[in-house]
Amino acid sequence: MTSEEIRVRGTVQGVGFRPTVYRLAKACGLRGDVCNDGEGVLIRVSGSEEALAEFVVRLQQECPPLAKIQELIRTRCTEELKCDDFVISPSVSNKIKTDITPDAATCPQCQKEIFDPFSRFYRYPFTNCTHCGPRLSIIRAIPYDRCNTSMSAFVMCAECAAEYHDVENRRFHAQPTACHSCGPSAWLERADGKPVTASMFSMMDDVDAVCTLLQKGEIVAIKGIGGFHLACDATNEVAVQKLRQRKQRYDKPFALMARDLAVIEEYCIVGEKEKALLVSSAAPVVLLRRKEETNRIDAQAASRRVGRKEREGEEGRGVTEGLSLSSVNNNRSTQHSPENTQHSHKSTQHFIAESVAPGQNTLGFMLPYTPLHHLILRRMNRPIVLTSGNISDEPQCIDNDEAREKLGKIADYFILHNRDIINRVDDSVVRVVGDKLQILRRARGYAPAPIKLPPGFEEVPPILAMGSELKNTFCLLRDGEAILSQHLGDLENAAAFNAYQETLNLYLNLFEHKPEAIAIDKHPEYLSSKLGKELATANQIPLLQIQHHHAHIAACLAEHSIALNTSPVLGIAFDGLGYGEDGTLWGGEFLLADYRQFQRLATFKPVAMIGGEQAIYQPWRNTYAHLISANLWEQCQSKYTDLEILKFLKKKPLKLLNQVIEKNINSPPASSVGRLFDAVAAAIGICTEACSYEGQAAIALESLVDVNILNNHKEKLIYPFNFNFSDNIYCIDSAPMWSALLSDLQQEIPQSVIAAKFHQSLAHITVKMVKLLCQEYQIQQVVLTGGVLQNTILLQLVAQQLQASNINVLTHSLVPTNDGGLSLGQAIITAAKLMTNY
């Protein structure tokens with residue numbers, strides 16, 4: 001008889017891991033016990049050598065759906081365990097090393113129960129088990145036990161307690177388990193404070209009533225798993241426009257939710273990988289290509305027709321929408337009867353309102369990921385808008401009173417519940433690029449699952465990286481892994497910065513993290529950098545300032561598990577802005593880099609950002625600055641006077657603009673590729689006057705590209721760029737491109753063709769520069785990173801051409817290519833530098 005202690009680390013708490021251990025130990029005839037502790041799961045077991053070997057193999061093969069074993073260490077015990085059976089022991093509190101599980105979408109078994117009239121979970125909007133439900137959003141401390149979550153306020157009834165303690169039940173130690181009798185409850189309120197009268201409901205419950213409210217064109221604030229959302233009928237142009245005006249979000253695309261895949265497939269092309277993402281436990285928002293452009297044009301017309309009918313007081317929608325709250329009750333018994341639990345997917349086509357995603361050729365869809373969402377959408381045969389519950393740029397509301405105060409003038413109704421949200425968690429956003437997952441926003445379903453660090457970083461000291469100003473995340477490094485926070489938004493907003501600090505404190509306490517160094521971005525005005533300096537000073541620990549684009553490249557290297565002492569790679573970092581080593585603004589960089597250091601080999605010619613930050617939101621400023629930089633303004637006035645962009649620019653105070661450029665008054669030079677996109681977009685009439693969010697013009701420009709033209713006429717789609725070498729650096733100059741582009745405008749070449757030519761030309765000059773540098777510096781590995789390379793067309797054009805030349809290309813998948821992945825790069829560069837010093 002042999003005795004062992006088996007230490008299991010990873011995502012192994014709150015996911016049904018101990019019941020699996022119990023079941024397998026019993027099946028293998030072993031004795032001992034299993035418990036949760038601060039490091040994960042500890043198994044003490046006794047049996048024959050053969051039985052122990054079988055147990056370990058099966059444990060890894062039959063791991064629960066949400067569990068992830070990162071490390072399994074077997075230690076032989078000198079003394080035999082004194083026990084007659086195998087049991088599950090109480091949790092032990094000690095040093096925190098275990099992971100926190102991300103929130104998980106409702107599993108198929110729980111979905112079935114909430115629609116089964118014979119189940120005690122029938123229509124219960126908080127049904128969950130060890131395979132699904134809230135995790136990060138409700139946790140206050142580790143170990144992940146009910147007393148350490150917001151479920152501690154709810155005492156389990158006898159039936160729930162019996163299931164909770166039944167090791168054969170899938171709700172064994174499912175901490176949020178509850179039912180109608182003992183758990184959280186949901187209720188409907190009017191935003192104007194007036195009572196919701198009983199006559200509105202009759203036999204309908206509050207959750208079911210939400211569907212009818214949405215069908216009638218109302219805006220409903222829904223308290224979800226990690227925060228509030230604002231919802232309306234996505235096919236009702238009037239409702240969507242009303243939501244935009246009230247929320248003060250005028251252009252940014254809205255996320256959509258649909259009852260099932262069949263509904264989504266009415267509007268978008270959904271590949272197998274996209275389907276897998278939509279139905280996964282992470283249940284992210286998946287960016288999908290709209291169906292044929294003709295359908296989209298029809299949708300615009302239909303949306304306008306619906307809008308006119310709504311304004312004229314007509315219903316303008318199908319029979320279901322016309323029902324009042326009370327009249328729906330007449331059909332409720334058949335809607336939810338056992339033989340009618342599955343809805344027909346055949347329905348009249350409802351067109352997506354054009355204002356859902358103006359100027360976009362993609363739509364962001366997700367499927368219901370909580371029982372509450374499933375119940376609301378059960379009768380909804382078309383999509384709903386489901387956007388974050390906030391005023392534009394502020395963080396999501398998570399508290400009922402806060403929501404009533406801040407969302408009361410946006411929503412018409414609230415569906416609230418009494419389970420506290422401890423940790424605000426936004427929806428994740430992903431897409432598939434070339435059959436590969438690309439996470440654009442890492443939050444619900446993915447965070448805070450750890451990222452294993454590359455070889456050479458096993459003994460890293462604890463490090464805290466503060467992230468960037470926009471699309472912020474922070475990162476904790478410890479024990480050979482990186483814990484990247486969920487997306488926290490743009491810290492320019494005071495409320496977002498306060499939420500950032502609250503979340504940071506929660507993580508530091510949850511993981512008992514005491515950093516020995518803090519990493520920040522070099523930009524002196526980032527709020528995250530200022531806070532990092534304060535924390536470093538207060539705790540008397542080292543502070544390292546990490547260059548923005550170096551951090552982008554390092555994050556991609558870490559994601560691909562590139563070892564610490566690997567030879568330098570060529571990193572191409574294209575983005576909006578990053579603070580450079582020379583104190584100027586960078587954004588179009590070719591860096592020879594490893595984890596410890598980098599050398600700037602090439603860049604784009606710096607062009608003035610007239611008005612500083614104003615240039616981000618007024619693209620015409622970039623157009624004018626590029627024309628001045630290219631010495632084309634005089635030629636423009638004589639040769640291109642009839643162009644709309646010239647007429648537009650002549651109305652601006654050009655004399656004053658010239659003075660601020662010449663005297664460098666709030667017009668810093670920047671090598672930004674992001675601003676080049678803005679300049680081209682404005683020149684061809686896209687977002688010329690203003691953008692309501694950074695990158696809007698570039699996204700619209702990408703959406704214009706006719707992929708068929710791009711694929712079939714590549715040889716005719718090249719605008720010229722120059723590059724030269726001076727001061728030990730190559731510099732790409734877009735001046736000749738502007739002459740050719742203006743000629744195309746004069747010849748009335750369509751916007752879609754010019755957009756395609758610009759993308760192909762930018763890819764062409766990028767690849768040309770990469771090949772030159774790879775040959776000169778003997779490089780065979782290239783990293784593509786930065787917010788601009790969220791542009792799918794540009795990313796694929798560059799990657800495919802480099803791969804065709806046998807150059808290995810690394811792109812992002814697990815962490816965002818934008819600033820959402822920056823903190824990982826900051827942290828791992830800091831670790832590399834500290835380990836070198838040690």
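Buried denotes a relative accessible area under 20%, exposed one over 50%, and partly exposed the range in between, computed with a 1.4 Å probe on protein chains only. By this criterion, phenylalanine 590 is buried, with a relative accessible area of 0%. The structure is a predicted model, in which local features need pLDDT of at least 70 and side-chain atom pairs count only at pLDDT 80 or more, while totals for chains, interfaces and linings use all residues. Residues are numbered from 1 along each chain as its sequence is written, and side-chain values use heavy atoms, with hydrogens and water left out. Helices (H or I, at least four residues) and strands (E, at least two) are DSSP runs numbered from the N terminus.

- Strand S2 (residues 31-37) is mostly covered, with seven of its seven residues buried.
- Arg31, Asp33, Cys35 and Asp37 point one way from S2, whereas Gly32, Val34 and Asn36 point the other way.
- S2 runs antiparallel to strand S3 (residues 40-47), to which seven bridges join it; two strands pair if DSSP finds at least two bridges between them.
- S2 and S3 form a hairpin with two residues between them, and valine 34 stands opposite isoleucine 43 in S3.
- S2 also runs parallel to strand S5 (residues 86-88), with three bridges joining the two.
- Within S5, valine 87 is the bridge partner of aspartate 33.

**The six-stranded sheet**

- An open sheet of six strands has the order S17-S20-S19-S18-S21-S22, with mixed pairing.
- Its edge strands are S17 (451-452) and S22 (543-546), each of which pairs on one side only.
- Strand S19 (residues 475-478) and strand S20 (residues 481-484) pair in the antiparallel sense over four bridges.
- Leucine 476 has isoleucine 483 in S20 as its bridge partner.
- In general, strands of a sheet pair through backbone hydrogen bonds, either parallel or antiparallel.

**Surroundings of alanine 186**

- Alanine 186 is found in strand S6 (residues 186-190) and is partly exposed, at 22% relative accessibility.
- Leaving aside residues up to four places away in sequence, alanine 186 touches Pro125, Phe126, Val207, Ile415, Leu416 and His417, where contact means heavy atoms within 4.5 Å.
- Alanine 186 and arginine 424 are 238 residues apart in sequence, and their C-alpha atoms are 19 Å apart.

**Cysteines**

- The structure holds zero disulfides, a disulfide being a pair of cysteine sulfur atoms within 2.5 Å.
- Cysteine 35 is in no disulfide, and the nearest cysteine sulfur, that of cysteine 77, is 13 Å away.
- Cysteine 35 is buried, with a relative accessible area of 5%.
- The sulfur of cysteine 107 has its closest cysteine sulfur in cysteine 129, at 3.6 Å, which is too far for a bond.
- Cysteine 107 is likewise buried, its relative accessible area being 5%.

**Aromatic pairs and charges over rings**

- The structure holds 16 aromatic pairs; rings of Phe, Tyr and Trp (its six-membered ring) pair if their centres lie within 6.5 Å, with planes under 30 degrees apart counted as stacked, over 60 as edge-to-face and the rest as tilted.
- Phenylalanine 574 and phenylalanine 590 form an edge-to-face pair because their ring planes stand at 75°, with the centres 5.8 Å apart.
- This pair links distant parts of the chain: phenylalanine 574 lies in strand S23 (residues 569-579) and phenylalanine 590 in strand S24 (residues 585-593), 16 residues apart.
- Phenylalanine 574 is buried at 1% relative accessibility.
- Phenylalanine 725 and tyrosine 730 have ring centres 4.6 Å apart and planes at 55°, so their pair is tilted.
- Phenylalanine 725 is partly exposed at 47% relative accessibility, whereas tyrosine 730 is buried at 13%.
- Ring pairs link Phe474, Phe497, Tyr500, Tyr507 and Phe511 into a cluster.
- The charged end of arginine 171 sits over the ring of phenylalanine 121, 3.9 Å from its centre; this requires NZ of Lys or CZ of Arg within 6 Å of the ring centre and within 35 degrees of the ring normal.
- The charged end of arginine 444 sits over the ring of tyrosine 369, 3.4 Å from its centre.

**Backbone features in loops**

- The peptide bond from alanine 447 to proline 448 is cis, with omega near 5°, and proline 448 is found in the loop between strand S16 (436-441) and S17.
- Glutamate 512 has a positive phi of about 45° although it is not a glycine; glutamate 512 is found in the loop between helix H15 (494-510) and strand S21 (517-521).
- Asparagine 664, also not a glycine, has a positive phi of about 55° and is partly exposed at 48% relative accessibility.
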